[in-house]
Amino acid sequence: MKRIKKIDSVDMYVVRLPLVKPFETSFSVQTHREALLLKITSDDVSGWGECVTAPDPYYCYETNSTSSDIIKDFLIPILMTLKSFSIETVLQKFDRIRGHNMAKAAVENALLDLLARQYGMPLFQLIGGEDQKIMSGISIGIKDDMDNLFESIQGASDKKYHRIKIKIKKGKDVEILKAVRKTFPFIRLMADANADYALEDIHILKQFDAFDLMMIEQPLNYDDIYFHSFLQKKIDTPVCLDESIKNLNDAKTAVALGSCKIINIKQGRVGGMMTSKAIAAYCTDKNIGVWSGGMLETGIGRAFNIHLQTLPGFVLPGDTSETSRYFTEDIVDKPVVLEPDGFIKIPDGFGTGVNVLSEKLDRFKIFHARIV
Ligand code: OSB
Ligand code: MG
């Protein structure tokens, strides 16, 4: 088993990158990506992780401040008690802390990157993935007018994105989906409600069946699994759960109840790459599709999502888009770009393959602390 000898230092940064365009969902409008980054160093090799939290608790209860506290006060102190340890040991110790999956994932990510770099291998190899290019997908925010939306969809379709997701909310749904489908009859299309509906809205959701959607993502309450099983039985469109699935047990519950046909695995939301792998394996065995979600990550977090998709089970296109769709400038050396066929290549090199540019880090950072 691969081991890290001991931790020499841990640095925490917050960077604030402007988004190319504001990103509107049923729960917020985001104009910046404010990312909490972690750099863990051992024997002169550093691994980087990105916490997928936002400054606010509108997608989930975790925020940059709660994660930073949990990392500083609990997770790193656990690491400091260990000598010559494996990732498995770390994850077992982290189990004592309930929830705070995004904080745990950030630490796990940095350790995996560090380990892969120390052993001189790409991250996908360390986690048991297969060398391959991965599919792309784009998530388009809620727009004020239809022309704007059509323009974004046309752009994504021209780029050969493998599927297009549009954000919806109550009142901005049926008519929009109908118009999009009419104008773009052949695109692989899906919608994400970010928990904006209740079971009583079933008459609205039922109308989505006419639009040949790949799935409807998180229609009901952010922590509901049970009532989604009622909904899935009454509509033909496959339900995909995002917010509700926070660990392997949630995935098992959703599968047992028939609450969804697809799960969006965000490695941060479920507590890291290793849990993601377990959920993907479980779902694949049960004939439930999985894909890798995104949280508007910088190049660091996005690289983890790319490596994640080399694991067995990730057969559906996820929310991995090119860098230029999010930022004019990122903080890493290798931007994500789509190949002419819409695929994305794994960044070359050890660990994630992407490296933080110190000039960009300096320019975009709004906080730095050495915590060890
Ligand atoms: O629900 O999938 C979501 C972004 C922030 C928070 C939640 C979600 C999203 C996205 C964007 O849909 C995915 C991406 O391109 O990173
Ligand atoms: Mg979602």
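1. Asn 64 is found in helix 1 (residues 64-80); helices here are DSSP runs of H or I with at least four residues, and strands are E runs of at least two, numbered from the N terminus. Please keep in mind that this is a predicted model, where local features need pLDDT of at least 70 and side-chain atom pairs count only at pLDDT 80 or more, while totals for chains, interfaces and linings use all residues. Residues are numbered from 1 along each chain as its sequence is written, chains are lettered from A and ligands numbered from 1 in the order written, and side-chain values use heavy atoms, with hydrogens and water left out.

2. Asn 64 counts as buried because its relative accessibility is 8% (buried is under 20% relative accessible area, exposed over 50%, partly exposed in between; 1.4 Å probe, protein chains only). Setting aside neighbours within four places in sequence, its contacts (heavy atoms within 4.5 Å) are Glu 34, Leu 36, Thr 53, Ala 54 and Pro 55.

3. Now for the magnesium ion (ligand 2): Asp 192 (OD), Glu 217 (OE) and Asp 242 (OD) coordinate it at 2.1 to 2.3 Å. Donors are N, O and S atoms within 2.8 Å of the metal (3.2 Å for Na, K and Ca), and since water is not among the atoms, sites may look incomplete. Asp 192 lies in strand 6 (residues 189-192) and Glu 217 in strand 7 (residues 216-217), so the pair ties together parts 25 residues apart in sequence. Asp 192 and Glu 217 are both buried.

4. Finally, Tyr 226 lies in helix 8, and with 45% relative accessibility Tyr 226 counts as partly exposed.
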